[in-house]
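Please consider the following briefing on helix packing, sheet order, salt bridges and backbone geometry.

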Amino acid sequence: MVTAKNPFKPTAGARPPMLVGRAELREDFAESISNGAGAPGLLSIYSGPRGIGKTVMLGEIEDEAIEHGWMVISETATKGLVQRIGAAVQAAKEEFIEGPAGRRITGFTVGPFSLESSAPEKREMHWRRTLTELLQELNSHGTGLLITVDEIHAIDRDNLAEIAAVVQHMIREDLPIGLAFAGLPKAVEDLLNEGVSTFLRRAEKYDLHSASIEEVASAFRQTFSESGVVATEERIQQLAEATGGYPFLIQLVGYHVWSQAVRDGHEVTQKALTAGLAKARRRMGATVVESAYRSLSVIDQSYLLAMAEDEGPSKTSEIAQRLGVTQVYGGQYRLRLLAAGIIEVAGHGQVSFAVPTLREFLREQPGYKAVVQDPLGGVTSAD
């Protein structure tokens, strides 16, 4: 039997072979493109905890835009964001419309848009004017422009206000533009509540959750079968349940179990299942979980360690008691951890871990028992 390449992609932001539980969102975006300028899905914000697939979702709608013949500018909210968007708009205008003196066009197609050229150094123009001219030309060709910005929770507020103002102006002029953001849920919520842009509060908001176990099982069943690896229904279900529907863990579990199965004669044996799941959990701990945990303050880590005492959702009042602090003081940790996408609201007065395997990781930490015996080293107030 010829061994195919591993079909799973367990790398942050990598495009998986199958979009599990997100097809409907891409269909919604496709419908908005078909409906044209001003359609609700053309102004969207995707939020969710770390590893839930926000970056992948942006990639999906970018692909959908390209398939409809639209241009795409894909960015991350780092320093110089507006300048980079402005430069990209200017370059697109020069390539698609006039072409500066001295440029030689070497290739051109529309739907999806693609152009190859050689050009001298570009002049600078204010990007709103340039964007208007570009969109007017794209509109005459029945196409448009999509701008996506990842990690919006880290965006400079002035940058956000400028982008929102310019895009709002384009929409008022009935020009074909789409704007999509992605970021951590609590941070996105706080950002929109700051009043930076009333316009952005009207965006379509998509809270990305874990996929259902049934959807994951169906994806595993198809992917393993198409890649020549045999797996019984029982083991397919075990694989799906081990992921908790968490997109990044779906790719990790699939990748490591598939690799082990190939070594065992292209079959998911119990040995392959056990070894693959163990490797997936270790990798999850070493990438998503440990990096997220180590980036927190000692006090915030202590809140998580106290949560790890529970087998399910934790009551915030009990966590405060374990830490020896008031509920108001404990609420400060809660808000920071929600903003970081580490925990999520699980009901009134309850929180739970937003990242799978975090509880198990915490229970292996040296400070796990100590935090209950001597919470926060005796700190009991914000003073």
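In this predicted model, Trp127, Arg128, Leu131, Thr132 and Leu135 of helix H4 are in contact with Glu162, Ile163, Val166, His169 and Met170 of helix H5, where contact means heavy atoms within 4.5 Å. The residues of this H4 and H5 contact comprise six nonpolar, two polar and two charged. In that division Ala, Val, Leu, Ile, Met, Phe, Trp, Tyr, Cys and Pro count as nonpolar, Asp, Glu, Lys and Arg as charged, and the others, Gly among them, as polar.

The model is predicted, so local features need pLDDT of at least 70 and side-chain atom pairs count only at pLDDT 80 or more, while totals for chains, interfaces and linings use all residues. Residues are numbered from 1 along each chain as its sequence is written, and side-chain values use heavy atoms, with hydrogens and water left out.

**Helix packing**

- Two packed helices are described by the angle between their axes and the distance between the axes.
- Helix H4 spans residues 127–140 and helix H5 residues 157–172; they pack at an angle of about 35 degrees, with axes 11 Å apart.
- Axes are lines fitted to C-alpha atoms, for helices over the stretch in contact, and angles run from 0 to 180 degrees between N-to-C directions.
- Helices (H or I, at least four residues) and strands (E, at least two) are DSSP runs, numbered from the N terminus.
- H4 and H5 cross in the right-handed sense; a crossing is right-handed if the near helix is turned clockwise from the far one by less than a right angle, and left-handed if anticlockwise.
- H1 and H2 cross at roughly 35 degrees, their axes coming within 10 Å, and this crossing is also right-handed.
- On the H1 side the contact involves Leu25, Arg26, Phe29, Ala30 and Ile33, and on the H2 side Met57, Glu60, Ile61, Asp63, Glu64, Ala65 and Glu67.
- The residues of the H1 and H2 contact divide into seven nonpolar, no polar and five charged.

**The five-stranded sheet**

- Five strands form an open sheet in the order E2-E5-E6-E1-E7, with parallel pairing; two strands pair if DSSP finds at least two bridges between them.
- Strand E2 (71–76) and strand E7 (204–207) are at the edges with a single partner strand each, so one side of each has no neighbour in the sheet.
- On average, neighbouring strands of this sheet are turned by 15 degrees against each other, direction ignored.
- Five bridges join strand E1 (residues 43–47) and strand E6 (residues 177–183) in the parallel sense, and Ser47 stands opposite Gly183 in E6.
- Helix H2 (residues 54–67) packs on the sheet and touches E1, E2, strand E5 (145–150) and E6, its direction making about 170 degrees with that of E5.

**Salt bridges**

- A salt bridge is a side-chain nitrogen of Lys or Arg within 4 Å of a carboxyl oxygen of Asp or Glu; by this rule the count comes to 12 salt bridges.
- Arg26 and Glu64 form one of them, at 2.5 Å from N to O.
- Arg26 belongs to helix H1 (residues 23–35) and Glu64 to helix H2, so this pair ties together parts 38 residues apart in sequence.
- Both Arg26 and Glu64 are buried; buried means under 20% relative accessible area, exposed over 50%, and partly exposed in between (1.4 Å probe, protein chains only).
- A network of salt bridges links Arg26, Glu60, Glu64 and Glu67.
- Glu75 and Arg84 form a salt bridge whose closest N and O atoms are 2.9 Å apart.
- Glu75 is buried at 17% relative accessibility, whereas Arg84 is partly exposed at 27%.

**Asp300 and its partner**

- Asp300 lies in helix H11 (residues 298–307) and is buried, with a relative accessible area of 5%.
- Apart from its neighbours within four places in sequence, Asp300 is in contact with Tyr333, Arg336 and Leu337.
- The closest N and O atoms in the salt bridge of Asp300 with Arg336 are 2.9 Å apart.
- Arg336 is in helix H13 (residues 327–339) and Asp300 in helix H11, so the pair ties together parts 36 residues apart in sequence.
- Arg336 is partly exposed, at 37% relative accessibility.

**Positive phi values**

- Asp174, a residue other than glycine, has a positive phi near 60 degrees and is placed in the loop between H5 and E6.
- Thr357, also not a glycine, has a positive phi near 70 degrees.
- Thr357 is in the loop between strand E10 (350–353) and helix H14 (358–363) and is buried, with a relative accessible area of 19%.
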